[in-house]
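Here is a friendly briefing to read with the model open beside you. Please have a look at the sequence and structure first, then go through the points by topic.

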Amino acid sequence: MKCIICRDNIYIRHIFSALFTTDKQMICDKCLEGLEKVEGGCVRCGKKTNDIICNDCLFWEQNKDYNLLKVINYSLYYYNEYAKTLVKKIKFNGDIAILLAFRQQIKKFLKPFPIKDKILVPVPLFKTSLQKRGFNQSEVIARIINLPILDNIYKSNDVKQSKKKRIARIVFDDQYRLKSKLNLHNKDIIIIDDIYTTGATVHKIAKLLSDCNARNICSFTLFRS
Amino acid sequence: MESGLRHLKKSKFLFIVNNCIYCLMAVALVAFLVSSPHILIIILLLVLLYRLYIKDSTLFMITLIMMLIYFISYQCQVKSITSNDNSDIITCTIDNIPVEGPKSIRFYCKETNNRFLVYYTNINAKQLKLGDVIYFKSSSYLVKNNTVPNQFNYRKYLEAEKISFQLSTSEITVLTATNRIDYKLINYLYNYYQDSKFSSYLLSVIIGHKKALDEDFRNNTQILNISHLFVVSGFHVGFLYFVFMFLFKHLHFSKELSRKITLFILVMFLIVNAFAVSILRAILLIFGIEIKNQYRLPIDNTDILSIIACICIIINPFSLQNPGFILSYLITLILFLSRKIIQSNQILVSSFKINFVAQVFSLPIIANFSFSYNFFSIILAPFLNLLYTLVIFPLIILGLLIKSLSNDLALIFVYYEKIISYLSNIDFLLFNVGAFTITRTVIYYYLLVIIFRKLEQRSIAYFKIILLIIITLFYHKLSIIDEVSFIDVGQGDSIYIKSNIQGCKALIDTGGSFTQSPGENVANYLKSTQTTQLDYLFITHTDIDHAGDYQYILKHFKVNTVVFNAYDDSELQRQIEKEAILKRINILKVKAYNKVDCGDLSFYIFNPLKKNNTVNDNSLVLFLIFNGDKYLFMGDATSDLINLPNIESIDFLKLSHHGSKYQTSEEFLAKYHFKYAIISVGKNYYNHPAEELLLLLEKNQLIYYRTDTHGTISIKYYLKKRIIRFCQP
């Protein structure tokens, strides 16, 4: 078995807790060491901070449109330099295999959570960027988790998120829309994305879904910047 | 395209190699299943195969193929063992060093296709040596299975050594000596070191001559669980490897050369030790690791070990019947698997952890030898191992190199033996843990693996640890299975009645013989069921075959009361009474129509009514209602003496006097409706059991079981459900 990132041989060291795992290890231990797991930080989004709750989350708490949502974000890794190169490979070189290789880590991370009856909502891409890239990375992650996926949302314009300033991102509204009317009464939702930066995308979609009577909304992203 | 395909195949191959530990598990489970079929092992195997099927289909197929290869190998070799001509004149070659016992010299002997275990009863004869071609006349007989449950199965052990027959002879003619170099080398070493002062240590370490060590010392090392240090084992191979590599490095040899020389020396060591299991394992492992390092293969040590174990098991499909084989591979595998737990910066801490892991995982196998386990050894083992590594083993090597020094060094060994003997006498943590049956062993290892998985994630599974401790210490004591066991003591009686719920443990007679000591079997069986105290020991009468081995019972168990019949006044009875008084055991003398209460059970006595002429007729006759079944234990009494009021049918009858025709009358069998009869009988000169009686039993539609053909007969009650189990030879 070769590591999907660095192409070195993966050296399986048998230990008790690795016996009978069905997932094949696709990423070597060396590459995984470059990534830093999210631990502690802000209770709502996991951002590295000394406060209990970070400034961004405080903004969402105080904003009258969003304060009832109480979206809690779960992320796997911090968006460090190494993660940046990985995301670049995935998104801009189209190396979907790297994303698929995180299957084992994602499953292991989600194992303790009771997610059985929840519905996944991957963040959609704009039509042209989907054509350009060929895949939606959020949808790929959702497919890995292997729960029912809701794709009733589309992105109406293509103002590049990563090229805007923080506040501008939050204020810019009405970017995501429903394709048709929905009733999500008594349903729990997990919003799936690749990176969580300020929470603008997640909150906007959450707002949309809570208007459709969704009960409990949280979000899962691979990286937390 | 093609190179890509090759790459894919190569990585698939690597994947299989990296996962061959599962192949090993499957093959080992099949091997266990073949030697002792049990529903739990089948379930485990199915679960394993299902998990593998989910994991990877190729791996699953490879595992199936390996299992098939094992099965074919088993089928081929099991034939070669059973098909054997009973030829009377045997010419064969001695292929291990003869071991002198008190009554006979014992050795393995190799014919062209067969191997035998030979007992040579003429001790004073000319010494036999390894490699002699000998010629003798003997009748061969099959080695028997254990007839008492939970005891060591010598037949299966010998099967692992590819020995099927046992021969006994008093006259051997030596024809020639074989010209094999390895035999000559071993003989040379044996003779060279034999006259040295501490030859036993040297011989045990250099050529694995097992029986050379002092009996007491060996027992003491077994109690402290360090006996592996005094037979050549993987430990010695590893030690030698590092010593030689270190030595050659400082002699400025090139790395390549020093490695070659070391490996050559190790191979010599293997040959001298006649390819002993643990040394073969250790040396193959070292070879594997060397190859892995040479070509930088991405394989784990566990993979190398698994491949070696798989091959060994397939080559000799009976090898898992040798507990030494299991121990050797299991401990190495477990130590590799628990690397994450063991690793520590301090040497002493990691040494302690290694010993702890090894002891915990070897406990079920070691406990099955003596049914007791000294938990003190867990604390002691790291220090004793350190002492051995730093002091004793270097001294042994010094003695090997410079023979003249051995007289001076012997003094140190005297002190060492004293220390070992002192430590082994500390018994405050010596527990009788009983036998590890298959069910218990599976539960034990299952819990252990879960606990270790948790430990790797740095959390402690308290509940499971407590459960494990309970299973280790109290498994049989908490058992709800009631039993009446007619233990096979050859010609003689011994019946064990146990009920944890009704609070009674009683033994009727101890067995005994002039030539053997079957009482030891009784004691071992009781120990294997975690019995430490007996409420009652009934001595029906004091014939040697009923009470001869009383000392084994009184020595090993805390007996509350000994019950005699009121008219017993033999020499043996006085001896037992004297010993009982010394040990502050109550003595009870009973006669007909007395009642003995044992917990919730009651033993009703129906004989002796008066003093009879013969010892046999004075024998106690006991009646017991146990879980709804009626039992009548006749001892050796004549049936006409017995009168059972208000009783019409009886389920189990222990036939009087080992099935003699004079003690059981037709009227007696007709009067009470018996269902089963049990005959406690062995090899004898009195024609017990009598043909006439057996016909009479069949005529009265009794089902009968004999301890000589059925082995120990255990009538067990699983919550009132009765199951009769045998332990057939």
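## Aromatic rings and a helix crossing

One aromatic cluster is formed by Tyr201(B), Phe217(B), Phe230(B), Phe235(B), Phe239(B), Tyr388(B), Phe393(B), Phe413(B) and Tyr416(B). Rings of Phe, Tyr and Trp (its six-membered ring) are paired if their centres lie within 6.5 Å; planes under 30 degrees apart count as stacked, over 60 as edge-to-face and the rest as tilted. This is a predicted model, in which local features need pLDDT of at least 70 and side-chain atom pairs count only at pLDDT 80 or more, while totals for chains, interfaces and linings use all residues. Residues are numbered from 1 along each chain as its sequence is written, chains are lettered from A and ligands numbered from 1 in the order in which they are written, and side-chain values use heavy atoms, with hydrogens and water left out.

**Helix packing in chain B**

- Helices (H or I, at least four residues) and strands (E, at least two) are DSSP runs, numbered from the N terminus.
- Helix H7 (residues 199–206) of chain B packs against helix H16 (residues 376–401) of chain B at an angle of about 95°, and their axes are 10 Å apart.
- H7(B) is therefore roughly perpendicular to H16(B).
- Axes here are lines fitted to C-alpha atoms, for helices over the stretch in contact, with angles running from 0 to 180 degrees between N-to-C directions; under 35 degrees counts as roughly parallel, over 145 as roughly antiparallel, 65 to 115 as roughly perpendicular and the rest as oblique.
- On the H7(B) side, Tyr201(B), Leu202(B), Val205(B) and Ile206(B) meet Tyr388(B), Phe393(B), Ile396(B), Gly399(B) and Leu400(B) of H16(B).
- The residues of this contact between H7(B) and H16(B) divide into eight nonpolar, one polar and no charged. Ala, Val, Leu, Ile, Met, Phe, Trp, Tyr, Cys and Pro count as nonpolar, Asp, Glu, Lys and Arg as charged, and the others, Gly among them, as polar.

**Aromatic pairs**

- Over all chains, the structure holds 58 aromatic pairs.
- One of them is the tilted pair of Phe152(B) and Phe369(B), at 6.1 Å centre to centre and 45° between the planes.
- Phe152(B) lies in the loop between strand E6 (140–142) and H5 of chain B and Phe369(B) in helix H15 (residues 347–370) of chain B, so the pair ties together parts that are 217 residues apart in sequence.
- Phe152(B) is partly exposed, with a relative accessible area of 39%, and Phe369(B) is partly exposed at 47% relative accessibility. Buried means under 20% relative accessible area, exposed over 50%, and partly exposed in between (1.4 Å probe, protein chains only).
- The ring centres of Tyr536(B) and Phe538(B) are 5.8 Å apart and their planes are at 25°, so the pair is stacked. Both Tyr536(B) and Phe538(B) are buried.

**Backbone points to check in chain B**

- Most residues other than glycine have a negative phi, and most peptide bonds are trans.
- The peptide bond from Asn607(B) to Pro608(B) is cis, with omega near 0°. Pro608(B) lies in the loop between strand E18 (601–607) and strand E19 (621–626) of chain B.
- The peptide bond from His688(B) to Pro689(B) is also cis, with omega near -10°. Pro689(B) is placed in the loop between strand E22 (673–679) and helix H25 (691–699) of chain B.
- Lys162(B) is not a glycine, yet its phi is positive, at about 60°. Lys162(B) sits in the loop between helix H5 (154–160) and strand E7 (165–169) of chain B and is partly exposed, with a relative accessible area of 37%.
- Arg296(B) has a positive phi near 50°. Arg296(B) lies in the loop between helix H11 (277–295) and helix H12 (301–315) of chain B, and counts as exposed at 73% relative accessibility.

**A buried strand residue**

- Gln166(B) is found in strand E7 of chain B and is buried, with a relative accessible area of 13%.
- Not counting residues up to four places away in sequence, Gln166(B) touches Leu117(B), Tyr119(B), Ser139(B), Ser140(B), Tyr141(B) and Val143(B). Contact means heavy atoms within 4.5 Å.

**Domains of chain A**

- Chain A is divided into domain 1 (1–33) and domain 2 (38–224), with bounds that come from an automatic or database domain assignment.
- Nine residues of domain 1 of chain A are in contact with 12 residues of domain 2 of chain A.
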